Amino acid sequence: MSGLLIRPRIRPRVAVVLVYTAAMCMNGLDSTIVNPALYTIAGDFGRPLSAANTVETAFLVALAVGLPVAGWLGDRFGTKRVFLGSLTAFTVASAVCGLAPDLNTLVVARAVQGLAGGLLTPVGMTLLFRAFPPHERMKLAKVLIVPTALMPALGPPLGGLLTEHLSWHWLFFVNVPIGTAAVLLGVFGLREHVEGPEGEFDVLGFWLATPALGLLTYALGFGPSQGWTRPAVAVSAALGAVLLVAAVLHQVRAKTPLLRLRLLADRVYGSASALAGVTAAGLMGVLFVFPLLYQASLGASALDAGLSVFPEAVGLMLASQVVDRLLPKLGPRLLTVPALLVAAAVFATLAIPGVAENAWSVRGLMFLIGLVLGTAVLTVQISGFESIGPADMGQAMGLFQIVRTLGGALGIAACAAVIGGGHVTEAAADPGPYRTAVWVTAALVAAGALIALRLPREAPQPPPFDDEEEAPPGEGLAADEARAVKG
């Protein structure tokens, strides 16, 4: 009877790429798509905007909380099981968000989304990088750029369009069919991989690292706008910092730590992680502050300011083509260092008086930011894991995402601190502090060029097998085909 059952035949690598892209597009889009709808959500529920802001806060804090445990869960229970479980939770929570009858329900469902999203990113990239050995990861540039960079850039304009022409409920409903299809494809197409973590679960590390990241994310998100001396912000910042220091000391000394911080001692991976934090700080900072500068200089509307950064997304798409073609020829160091220096120059140009007043200059420079900084970010993301073996991949991905997430939050906080935490309320606002904040982001990106000098000169090369059929599992496309024929 079982012979009559028809099971779809899906190539594992194709399934990994499709499921990863769908899940990460949902996660990346949801990190920014709600922002334009907060006023509408507050009005519909009869609550002040400050209360509606908890919708975004809940997502970001919960996302940070999920990151420390992602690597351990994937190793312990299997990357396929954890990824699909998280994707299911994200999809169900999206439906609950869309159906939420009150703000409290929406905030709780949004927190579940964030927690699931915190697991999705590192576990999903672990699935992807285990399926493709180092010398084949350069082909993944077109896959990685869409969810990690393009979707967050598309979030604000798409959120504004859906809210204006349909309703804010559709910001969440769009995830349901995509998430359902991705889960079903993953059930049949993904392969399970259970690494099996050594030793017992690091309970102390969990109770130190998890609240530390949550508290710091909250403080960095609200400190600049609400004031660092506000009790909730001040306590969160101080307690989060203390817990983070304690977590680092514990992780270094623990026999089986929740986060293998010793991986950062690896020259390539450690440099890539530091670069991820610095570039995230610069990019998220400039995307935060430049729309405010644009409004201060031109008296533009919030929608116009949001659309002014959209050409960056077009540059990002082109960057995936650049990396795919140039990384094998130039190598990570020679491709990343010039890209970061050019990006820093472009950032600085945005701060020059008179530039922000010209709409077409802004569009051209934003396109260049997407192209050159996107090239650097993709190169780092692809080449940074060259020296990481399959057994450490889950841990390395989780740690990489933590550094990048904190870097982005620090970049926004630094820019908000420079401009005084205020917002543009009229066309006559002084653009000076905003230009200074843009200079800060340029300095961050320029500093990244120094770190990039530690990247390897050569791109990853395929292993020297005479016969690809003799390659170990996962070490070549031809080897996969050969095993399929033999099977």
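This is a predicted model: local features need pLDDT of at least 70, side-chain atom pairs count only at pLDDT 80 or more; totals for chains, interfaces and linings use all residues.
Okay, one cut-off before anything else: a residue counts as buried under 20% relative accessible area, as exposed over 50%, and as partly exposed in between. With that in hand, take Leu-318. At 37% relative accessibility, Leu-318 lands in the in-between class, so we call it partly exposed.

Which residues does Leu-318 touch, once you leave aside its neighbours within four places in sequence? Two names here: Phe-367 and Leu-371.

Now let's zoom out to the whole chain. Secondary structure first: 19 helices, zero strands. Of the 487 residues in the protein chain, 54% are buried. On the contact side, take the pairs at least 6 apart in sequence: 83% of those contacts join residues at least 24 apart. As for surface, the chain exposes about 20,600 Å², and 67% of that comes from carbon and sulfur atoms.

Two packed helices are described by the angle between their axes and the distance between the axes. I've got two pairs for you.

Pair one is α15, residues 332-350, against α18, residues 432-452. What angle do α15 and α18 pack at? About 170°, with the axes 8 Å apart. Anything over 145 degrees counts as roughly antiparallel, so α15 and α18 go down as roughly antiparallel to each other. Their crossing is left-handed. Who makes the contact? From α15 you have, among them, Arg-333, Leu-340, Ala-344 and Phe-347, and α18 brings residues including Trp-439, Val-445, Gly-448 and Ala-452. By class, the contact between α15 and α18 comes to 15 nonpolar, three polar and one charged.

Pair two is α1, residues 12-30, with α9, residues 175-189. These pack at about 155°, with axes 9 Å apart. That angle therefore makes α1 roughly antiparallel to α9. The crossing of α1 past α9 is left-handed. On the α1 side, the contact includes Pro-12, Leu-18, Met-26 and Asp-30; on the α9 side, it includes Asn-175, Ile-178, Leu-185 and Gly-189. Sort the residues of the α1 and α9 contact by class and you get nine nonpolar, four polar and one charged.

Two more single residues, then I'm done. Is Ser-271 buried or exposed? Its relative accessible area is 3%, so Ser-271 is buried. It belongs to helix α12, residues 267-298.

Last one, Val-248. You'll find it in helix α11, residues 231-253. With a relative accessible area of 37%, Val-248 is partly exposed. The C-alpha atoms of Val-248 and Leu-261 are separated by 7.7 Å, and the two residues are 13 apart along the chain.

Conventions
Residues are numbered from 1 along each chain as its sequence is written. Side-chain values use heavy atoms; hydrogens and water are left out. Helices (H or I, at least four residues) and strands (E, at least two) are DSSP runs, numbered from the N terminus. Buried means under 20% relative accessible area, exposed over 50%, partly exposed in between (1.4 Å probe, protein chains only). Contact means heavy atoms within 4.5 Å. Accessible areas come from the Shrake-Rupley method with a 1.4 Å probe; for residues, only the protein chains shown count as cover. Axes are lines fitted to C-alpha atoms, for helices over the stretch in contact, and angles run from 0 to 180 degrees between N-to-C directions. Angles under 35 degrees count as roughly parallel, over 145 as roughly antiparallel, 65 to 115 as roughly perpendicular and the rest as oblique. A crossing is left-handed if the near helix is turned anticlockwise from the far one by less than a right angle, and right-handed if clockwise. Ala, Val, Leu, Ile, Met, Phe, Trp, Tyr, Cys and Pro count as nonpolar, Asp, Glu, Lys and Arg as charged, and the others, Gly among them, as polar.
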